[in-house]
Amino acid sequence: LPARLDSQLFIKDLHFDGVPVRIYLPREPSASKRRGVIFIHGGCGIFGSIRSHERICQYIARKSDSVVVSVGYHLAPEYKYPAQTLECLTAAVYFLKTAETYGVDPARIIVCGDSVGGTYAATVCQELGHRTDIPKIRAQVLIYPFLQALNFNLPSHQKNAAVAFLTQERTVHFILKYLNKDCSLKEPLLAGSHVPESINLKYRKWINPDLIPDAFKLGYKPPLPPLFLPQVHEEVQELFEPWFSPLLAEDAVVCGLPDTCIVTCEHDVLRDEGLLYKKRLEDNNVHVTWHHVEKGFH
């Protein structure tokens, strides 16, 4: 949808250390420094843009009286992973350092993202959590985030396998497109053949249907153990990096994360990743607010 002109906002395209951004500043003068929002759009890393999320950024800036920075990271596969993550990090660090230039209190900046934007937001917070040379991020808002690529047979994957817009099959298809991999790897990934038993055992404490509340497991059938395929594992090493799968970050990283808001949707293959991350954060004494949209889709 084309963006509406908004008389309440001053909107400007800039570059933060070389990264394209669009900044939304409320026109009404403020007696004190405003809050800041770094917004990272979704789109599987291969589509979406500042323009596609213009209306939601206008809405956030207007309704919360905040300065919003929308990050226009370059898309895959032309810009290879992890270029997108690096650009989001670069833009976030730049804004944290220069917030006062835009009338923003550097102690009140949050990072927000939807879908893969939630992945990037989670990674930004994990990377910057222990840095002492820049202001701390106040909170993260993760809207139906993608957080792991080890198990594509969690209860929400099964329940919503054929639900538009993001089916179980399309999820893996977009991952392979994003990483510029051969799409013939889709079936082995869906089956779990890319994960050796040693890695399954290591991360079972964090990625496990047993950790999901029973109310979300109605009709769930545990899949048969997959046949491990070493050649597939070698082809998709990126999937096992915390930058790609933030659920795999160690506790030493997770315990340093800011206050968190997680939004999940019932009719979404990624629902359970949000539930698993919620549990991990709470287990590490991070304050979490959780909103579940019972009739919501990805």
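By the grid rule used here, the count comes to one cavity of 30 Å³ or more, a cavity being a set of points on a 1 Å grid over the protein atoms alone where a 1.4 Å probe fits but cannot get out. This is a predicted model, in which local features need pLDDT of at least 70 and side-chain atom pairs count only at pLDDT 80 or more, while totals for chains, interfaces and linings use all residues. Residues are numbered from 1 along each chain as its sequence is written, and side-chain values use heavy atoms, with hydrogens and water left out.

**Exercise 1. Describe the largest cavity and its lining.**

Step 1: the largest cavity has a volume of about 200 Å³, a volume being the space filled by probe spheres set on the points, which are joined across faces, edges and corners.

Step 2: 16 residues line the largest cavity, and Cys-44, Val-116, Phe-146, Ile-175 and Phe-244 lie nearest its centre; lining residues have an atom within 4 Å of a point.

Step 3: α3 and α5 (168-178) are the elements that give two or more residues to this lining, and the largest share, four residues, comes from α5. Helices (H or I, at least four residues) and strands (E, at least two) are DSSP runs numbered from the N terminus.

Step 4: the lining of the largest cavity draws at least three residues from each of domain 1 (9-148 + 242-297) and domain 2 (155-239), with bounds that come from an automatic or database domain assignment.

**Exercise 2. Locate the residues nearest the centre of the largest pocket.**

Step 1: a pocket is an open set of points with protein on both sides within 12 Å along at least five of seven lines, and about 670 Å³ of space lies in the largest pocket.

Step 2: of the 27 residues that line the largest pocket, Asn-151, Asn-200, Pro-223, Pro-225 and Pro-226 lie nearest its centre.

Step 3: the elements that give two or more residues to the lining of the largest pocket are α6 (186-191) and α7 (197-203).
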